[in-house]
Amino acid sequence: MTVLLSIIAVTLLAISVWQITKIFEISNLGAKKDNSQIASEKDNDLQGKLMFAFLVFIYLVTIYSFASYTKVLLPESASEHGYTYDKLLLISFLVIFIVQTITQALLHYFAYKYRGINGRKASFITHNNKLELVWTVIPAIVLFALILYGMTTWSDIMNFEEDEDALIVELYAQQWNWKARYAGDDNVLGDANVRFLNDFDGRNSVGIDASDPNSLDDVVVTQEFHLPVDRKVIFKIRSQDVLHSAYMPHFRAQMNCVPGMITEFSFTPTTTTADMRLNPDVVEKVNRINKIRYDNSQELIAKGEEPLEPYQFDYLLLCAKICGSSHYNMQMKIVVESEKDFNKWLNQQKTFSEVIQ
Amino acid sequence: MSVAVNNNVENHDEHHHHKETFITKWIFSQDHKMIAKQYFVTGVLVMGVIGVLMSLLFRIQLAWPEESFSVFEIFLGDRWAPDGVMDPNIYLALVTIHGTIMVFFVLTAGLSGTFSNLLIPLQIGARDMASGFLNMVAYWLFFISSVIMVASLFVEAGPAAAGWTIYPPLSALPQTQPGSGAGMTLWLVSMAFFIASSLLGSLNYIVTVLNLRTKGMTMFRLPLTIWAFFVTAIIGVISFPVLLSAALLLIMDRSFGTSFFLSDIFVQGEVLHYQGGSPVLFEHLFWFLGHPEVYIVLLPALGITSEIIATNSRKPIFGYRAMVASILAIAFLSTIVWGHHMFVTGMNPFLGSVFTFTTLLIAIPSAVKAFNYIATLWKGNLQLNPAMLFSIGLVSTFITGGLTGIILGDSALDINVHDTYFVVAHFHLVMGISALYGLFAGVYHWFPKLYGRMMNKTLGYVHFWITAIGAYGIFFPMHFIGMAGLPRRYYTNTAFPYFDDLADINVLITVFALITGLAQLIFLYNFIHSMYFGKKSEKNPWKSNTLEWTAPVEHIHGNWPGKIPEVHRWAYDYSKPGKKQDFVPQSTPIASGENITEH
């Protein structure tokens with residue numbers, strides 16, 4: 001910190017030196033003027049050509065990025081609405097791609113084509129209402145189409161109905177871990193509030209109100225939570241301390257966790273964890289990651305440290321909203337499995353009434 | 001110096017007899033040209049260097065997480081980098097202060113402060129700002145704000161670390177992170193000074209543009225720079241007070257036990273007393289400034305670019321009225337799109353649809369501007385000076401960055417990229433890099449007006465090309481990291497093996513960032529060296545039409561000796577048919593038989 005202070009002291013010193021020398025400079029007024037720092041025809045020629053080269057550079061960066069980074073992107077969606085999401089995303093990207101390619105080409109090509117030549121006069125064109133109308137109306141039409149598509153998709157995702165057979169799951173965020181609560185046999189979550197967190201010697205880990213009869217069969221889990229495949233899940237999302245964001249990228253799902261209120265999100269998982277592990281993109285990604293981990297492990301072993309464990313794909317719940325020092329490590333595993341396996345797993349968990357006894 | 005600068009005083013000689021002391025000339029100056037330089041030195045040269053340096057530090061951490069670097073020890077000390085390993089709390093603080101400094105201190109005060117001050121009086125033909133005194137006060141409030149922000153880096157528990165958006169409860173409760181103690185208090189105090197400064201500055205700009213235009217300078221003869229600065233000031237006056245109110249309410253919550261933004265909170269085994277508030281309210285208040293702020297940063301850069309592209313294309317700006325209309329449209333729409341930052345906050349989904357609609361609407365005037373720039377280049381005779389390169393570069397990054405806004409502004413698509421690196425890539429290109437390019441373009445172009453000397457063009461070219469390649473090298477791959485599902489503001493990605501294959505991309509980005517960051521030293525050197533040793537400038541080196549180039553190279557108080565020039569035409573009579581030269585300054589009377597350009 002002392003170093004930072006001294007850097008600032010030096011900067012301030014430099015400024016005062018500048019201020020003082022500037023005074024001396026006044027005596028230097030009236031020296032010869034010269035135009036050597038203005039772009040000459042030669043400069044225009046070179047810079048114009050470089051502008052064209054830069055267009056090639058932008059295209060190459062684009063091609064390279066798509067060629068070598070597409071593989072790191074998320075695999076196909078594991079939720080029902082995710083397919084619509086991915087389609088809308090693809091269409092938007094196509095629009096972006098076309099507009100980007102054309103406009104960058106025009107911009108850089110004109111910069112090259114019309115690079116200055118001494119004595120040539122530019123065309124005196126002030127405006128062209130027809131042309132301007134064209135490039136106002138065309139983007140407007142394209143954008144309106146995208147807006148309409150986007151709005152219907154958004155409305156379908158967000159305005160879900162509370163069907164009877166939907167599974168209710170509470171996601172509970174705190175610095176820095178997640179918990180999930182199932183509603184139990186009655187599929188109704190018991191009331192909860194942070195005021196109850198200290199009840200039962202801290203065993204009431206998400207602040208359930210024990211006096212609410214709906215709460216007794218609730219099930220709270222940590223580390224991982226399970227979902228049955230092909231059944232709609234409605235998430236009720238809470239936070240006990242600061243803002244968090246429940247982000248489940250493989251399901252194209254995200255909703256903030258806001259202390260003092262319950263937020264909601266819903267999706268229907270379509271692919272079990274086991275099936276997703278067989279997805280070719282996922283297999284390739286896992287192999288790549290394991291190769292990296294293997295290489296890193298060799299280095300660790302050489303240093304006499306523990307090697308890294310091999311990686312196996314799992315769906316993730318991450319925190320996407322800055323929430324303090326361990327924001328980067330706030331995770332929970334999601335397991336999607338058949339209804340049967342799910343029920344079996346859920347029955348092995350302790351209910352709230354068992355926990356508080 | 002206390003004499004009000006009055007445009008009606010035609011003979012200005014009396015002003016030259018004031019005795020200027022060191023203090024009134026260099027420190028408490030009321031001259032807009034000196035204040036412009038003060039803003040530049042404080043906002044860009046000092047705060048800018050600190051802001052960029054911070055980004056390099058956290059980029060190193062992201063590329064080689066949890067490794068030991070002596071550079072961390074040097075800059076962060078033992079407390080925050082024991083054995084050279086960066087602490088997660090200081091990582092968040094660096095991210096927070098980097099954002100704060102770059103958005104507010106560099107790209108708001110540094111950019112608007114420098115160029116609005118320098119150019120408004122000179123381009124509209126005024127002796128000075130409407131109130132030289134308020135202008136001086138605005139600068140010194142900004143200076144105090146900068147000092148407090150820098151001081152906050154040295155408090156024991158660390159500077160503010162809740163992100164530049166300082167969402168409560170994280171920013172409100174010191175129990176939740178060390179940076180939310182004294183560091184956050186200083187952040188809020190600093191921003192209160194900043195907002196006061198910005199308001200005084202903006203009011204001055206508005207009043208000056210409305211009242212002090214020289215004879216013949218109608219609103220539709222104003223250069224586009226002035227339109228941009230003028231509208232920017234209006235947006236600032238509308239939106240900054242809302243941030244001030246948010247900051248005040250947050251201070252109340254933090255220190256006086258109110259519950260505006262807090263409710264039902266349990267921290268460290270204790271139920272806090274707060275009841276009934278909502279952090280979402282804060283988000284609304286914050287983004288009611290936060291989104292217009294994007295345009296407060298961007299519009300001046302676009303205005304500067306308009307002027308430089310027209311001058312260096314030797315051609316009128318294409319569609320002057322459409323450009324003015326799109327500035328106004330952007331300004332209006334910018335105040336009703338803030339909700340697109342909050343699609344997944346738990347806000348009513350219906351509002352999400354509304355904000356998607358208004359947000360994508362704003363793309364239309366933005367597209368018009370981009371197309372008009374391109375059309376201005378068409379059939380021009382481009383003088384590819386460094387300022388022109390940066391202006392073309394701005395149009396390029398504005399398009400690349402702006403286009404991904406189609407995804408982020410669409411509430412449905414935002415769900416899965418919200419708060420990921422996709423957002424970081426998007427806004428850095430569209431507002432960060434673009435506005436910086438505008439800033440650089442402005443400096444290269446108006447350096448002769450600031451210091452009477454020319455900057456070195458070769459160094460300017462080198463600076464541009466390294467920066468241009470670097471900007472794409474840093475932010476293009478970053479989109480993919482975001483699309484891979486990596487949230488922003490993660491101290492390291494190693495906690496998730498799933499992200500292990502992003503490590504290489506992160507290294508690549510950091511390498512580009514380090515090169516680009518170091519390349520800015522070329523600019524710093526060129527700037528400081530040219531200040532003293534640069535070639536002396538002619539009165540009108542770029543053969544420009546605007547009024548500032550009719551003022552003498554040497555700065556005099558009151559800008560023009562004798563009468564203020566009158567204006568007879570718009571600012572863009574470049575290469576007008578029938579004229580011998582390819583430019584006709586605004587002060588040149590319409591010749592007999594000459595058509596007034598319809599625009």
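Visitor: How many residues lie between β1(A) and β2(A) in their hairpin?
Guide: Two residues lie between β1(A) and β2(A) there. Strands here are DSSP runs of E, at least two residues, and helices are runs of H or I, at least four residues, numbered from the N terminus. This is a predicted model, where local features need pLDDT of at least 70, side-chain atom pairs count only at pLDDT 80 or more, and totals for chains, interfaces and linings use all residues. Residues are numbered from 1 along each chain as its sequence is written, with chains lettered from A and ligands numbered from 1 in the order in which they are written.

Visitor: Which way does β2(A) run against β1(A)?
Guide: Antiparallel, with six bridges joining β1(A) to strand β2 (residues 177-182) of chain A. Strands count as paired if DSSP finds at least two bridges between them. Ala173(A), for example, has Trp178(A) as its bridge partner in β2(A).

Visitor: And what about β5(A), which way does that run with β1(A)?
Guide: Those two run parallel, joined by seven bridges. In β5(A), Lys236(A) is the bridge partner of Glu170(A).

Visitor: Why is β1(A) said to be largely enclosed?
Guide: Because seven of its eight residues, 167-174, are buried. Buried means 20 or more other C-beta atoms within 10 Å of a residue's own, exposed means 12 or fewer, and partly exposed is in between, with C-beta atoms placed from the backbone.

Visitor: Switching topic: where is the cis bond in chain B?
Guide: Between Pro168(B) and Pro169(B), with omega about 0 degrees. Pro169(B) is in the loop between α5 (132-151) and α6 (182-211) of chain B.

Visitor: How many residues does each chain bring to the contact?
Guide: Chain B brings 125 residues and chain A brings 118 residues. Residues are in contact if their C-beta atoms, placed from the backbone, lie within 7 Å.

Visitor: Which helix gives the largest share on the side of chain B?
Guide: That is helix α10 (residues 349-377) of chain B, with 14 residues.

Visitor: What covers the buried residues of α4(A)?
Guide: The cover includes α3 (80-113) of chain A, together with α10, α12 (405-408) and α13 (411-417) of chain B. Among the buried residues of α4(A) are Leu143(A), Gly150(A) and Trp154(A).

Terms used: Contact = placed C-beta atoms within 7 Å.
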